[in-house]
Number of protein chains: 2
Amino acid sequence: MPVGLPLPTELLPVEGIRLNAVAAGIRYPDRKDLVLIEIADGSKVAGVFTRNAFCAAPVIVSRQHLLQAAPRYLLINSGNANAGTGTQGMQMAERSCLAVAQAAGVEAKLVLPFSTGVIGEPLNVDAIEDALPDLINGLEEENWLAAAQAIMTTDTQPKGFSTALSLSTGSVHITGIAKGAGMIRPDMATMLAYIATDLEVDQGDLDHLHTEAVAASFNRVTVDGDTSTNDACMLMATGKSGVRLSNQADRHLFTETLISVYQKLAQALIRDGEGVTKFVEISVVNAQTQAEAADVAYTVAHSPLVKTALFASDPNWGRILAAVGRSGIADMDVGLINIYLDDVCIVEKGGRAQSYTEEQGQEIMDREEIRIQIDLGRGQEATSVWTTDLSHEYVTINAEYRT
Amino acid sequence: MPVGLPLPTELLPVEGIRLNAVAAGIRYPDRKDLVLIEIADGSKVAGVFTRNAFCAAPVIVSRQHLLQAAPRYLLINSGNANAGTGTQGMQMAERSCLAVAQAAGVEAKLVLPFSTGVIGEPLNVDAIEDALPDLINGLEEENWLAAAQAIMTTDTQPKGFSTALSLSTGSVHITGIAKGAGMIRPDMATMLAYIATDLEVDQGDLDHLHTEAVAASFNRVTVDGDTSTNDACMLMATGKSGVRLSNQADRHLFTETLISVYQKLAQALIRDGEGVTKFVEISVVNAQTQAEAADVAYTVAHSPLVKTALFASDPNWGRILAAVGRSGIADMDVGLINIYLDDVCIVEKGGRAQSYTEEQGQEIMDREEIRIQIDLGRGQEATSVWTTDLSHEYVTINAEYRT
């Protein structure tokens, strides 16, 4: 059961973006597993991809195509990652682009392929080709929710957020969908996300907005530290509203709103994380550098002992403290460290806080949403990451995914 | 159930070492939880301790005392780690040393304290003081097995190995015991190990032997990547055999044998790892550097997705490949990488091996002991680490340890 994650209700259409999802029978017998996103001519598109050295064929092809031109079509299949599939996998990815290109009457380089699912099995491009006519015929501006559902793998529910935003020269829409529930960690791990706006914006601005928003959202979530071969996050701006960021106030408002949509999507991945029973924010403050803050936050977020204690609702601050201690920070003075569970100080100057009672800790650990704040007391930098606990359900899901 | 771990049978006495274990009621009501090891005057002792910045009070005291003189007594309690206990914890550790010193008629600096168990609760030194007369009166050379049992925490069985070794000028004994089943990883994580020999050896030689043996054994095992605040590994040489390492052949034979005892103890921690159902060797070969080989080996060994696949006996080479891909090796050419399950090539040149069949992989994954070999194809260096799978039992143990 996801933690504090409502089902998407109204996902606003974005003028210039049409979508469709069909059941192509790629892996799942009775559900939609193939999505096409059509982007109006003249749109700008920004993308970031996994940094895993073993990136999948569709990632390689998408990167190449994106360098050549602004894409017109994004083709996404769930159920098969087309990763670890060698030369044949590259051919399959190229062939799927060509099929879309021929059916839609554009060049193949204007099609970007995305795949998510099991690694190391050949992608059934015949099934994709067979499904293309229906896929293209059904393209509609209103199909965001259907697309959100069709890109799911181990997700238990679709993820999408949408907002309308009034700027000084008019209003714009921002709508985004995402999938992913495990293998999620910084540097773009197992997740796909597609965000669109009808804002009119230059390519350089769009790239900058995208990078900034990803850094503050998808690169700050982790379920298990594993990263994927396939992940991608795309931002599309169609310009169809005719509204531009004409002053600093507009720019600030749009950036904040965009980041908020990205963060809701990123946190949705965690709220629906594999086997999740807790949604946990690990916040590190007063670090010397951002990198140091992130190292501590991720060491705590990835500690199986901290995660199993969270699952057990056990206020076991000793495990948090031990994880902080092994995070590799040079010259760490443990006597400066305070740790809080929400607003309760549990560790003071490196030891159990005098004022702390087990009952206070228990009351917080029994909640579904928990914030662990670690004050290193050695600088001014801070960062937060969002993560899950480690439950029996996580083991069950990951021990049974393929079989 | 431990994997391939026999119960210790004959643990040879080491002349100059006497031990005893009693039930002091520190945490466990009905079992021995306090051990004293007496080391004959004139012995040499080498020690290594956790590198976790949050090291426990007994570690701080043991380090200080070991710098001042060769210890005569090692006092070990299980059930309470005396970690995260601040100034009071330091006082308790010092007081326990003083109590032993007074009862045994030596200086307090000749006593080293060791604790393992729950973090952040005050150590009951009254209970230790009450138990001391019985503890000292019962010291015997034959008590190694009782000591191995009394230092256990979540271990399911005691761990000890022993060997008699013929050198050119006589024979010596090596006997060692260890505890630890989780929080085990390099740099001395939650484990305690005590190894003794009656060899006559200089302090410098002993330190060198100890460091070399630890590097090849305890620093190459990992259950969950978590490290402890309390770990220590001590090597004692009493000299009572009168046998020295008088030539290169003797030195070589003794070193190899000592490393073998350390490796058996280290692997015993993994074979009895929390919730273990598989004993797994991750071997990385043809790396550019030892550090690079270790980075890849540990990234794979710590991957929850690899570990849950091992639990499921699922030959999911895609997860191994994805973990290798995120291990942070600069300029990794995935086209050079081969991966083997035992002797079956599963990944060839970065993709699924042509010759590989799922049945071959399944046959190996169904075994209790599995070797994953990763050939990076970019150098001459190699290393191995030993680890476990990630099972439901692991979650159960760690979600219920305190409650």
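Trainee: In what order do the seven strands of the open sheet in chain B run?

Mentor: This is a predicted model, to start with. The order in chain B is β9-β16-β11-β15-β12-β13-β14. The pairing is mixed.

Trainee: Which strands sit at the edges?

Mentor: In chain B, β9 (221–222) and β14 (351–352). Each of them pairs on one side only.

Trainee: And in what sense do β12 and β15 of chain B pair?

Mentor: Antiparallel, over four bridges. Strand β12 of chain B covers residues 338–341, and β15 of chain B covers residues 369–375.

Trainee: What stands opposite B:Ile339?

Mentor: B:Ile374, in β15(B).

Trainee: Which strands of the sheet does helix α9 of chain B touch?

Mentor: Helix α9 of chain B, residues 317–325, packs on the sheet and touches β12, β13 (344–348), β14 and β15 of chain B. Its direction makes about 55° with that of β13(B).

Trainee: Switching to chain A. Which residues of helix α10 are buried?

Mentor: In α10 of chain A, residues 358–365, the buried ones are A:Gly361, A:Ile364 and A:Met365. Seen down the axis of α10(A), they fall within an arc of 95°, so they line one face of the helix.

Trainee: What covers the buried residues of α10(A)?

Mentor: The cover includes α8 (304–311) of chain A. It also includes three strands of chain A, β12 (338–341), β13 (344–348) and β15 (369–375).

Trainee: New topic. What rotation superposes chain B on chain A?

Mentor: One of 180°, with 0.0 Å of shift along its axis. The RMSD is 0.0 Å. The two copies are thus related as by a two-fold rotation axis.

Trainee: Which C-alpha of chain B is nearest the axis?

Mentor: That of B:His392, 2.9 Å from the axis.

Trainee: How many of the contact residues of chain B recur in chain A?

Mentor: 100% of them. The same surface serves both copies.

Trainee: Last one, A:Leu12. Where is it found?

Mentor: A:Leu12 is in the segment before β1 (17–22) of chain A.

Trainee: Does A:Leu12 count as buried or exposed, and why?

Mentor: Buried, because its relative accessibility is 15% and the cut-off for buried is under 20%.

Trainee: Which residues does A:Leu12 touch?

Mentor: Leaving out residues up to four places away in sequence, A:Leu12 touches A:Trp144, A:Ser162, A:Thr163, A:Ala164, A:His173 and A:Thr175.

Trainee: What separates the C-alpha atoms of A:Leu12 and A:Val243?

Mentor: A distance of 17 Å. Along the chain, A:Leu12 and A:Val243 are 231 residues apart.

Terms used: Residues numbered from 1 in each chain as written. Chains lettered and ligands numbered in written order. Predicted model: local features only at pLDDT ≥ 70, side-chain atom pairs only at ≥ 80, totals over all residues. Heavy atoms only, no water. Pairing = 2+ DSSP bridges. Helix = DSSP H or I, 4+ residues; strand = E, 2+ residues; numbered from the N terminus. Contact = heavy atoms within 4.5 Å. Axes fitted to C-alpha atoms, helices over the stretch in contact; angles between N-to-C directions. Buried < 20%, exposed > 50% of the residue type's maximum accessible area, 1.4 Å probe, protein only. Arc of directions from axis to C-beta. Least-squares fit on C-alpha atoms with pLDDT ≥ 70 in both.
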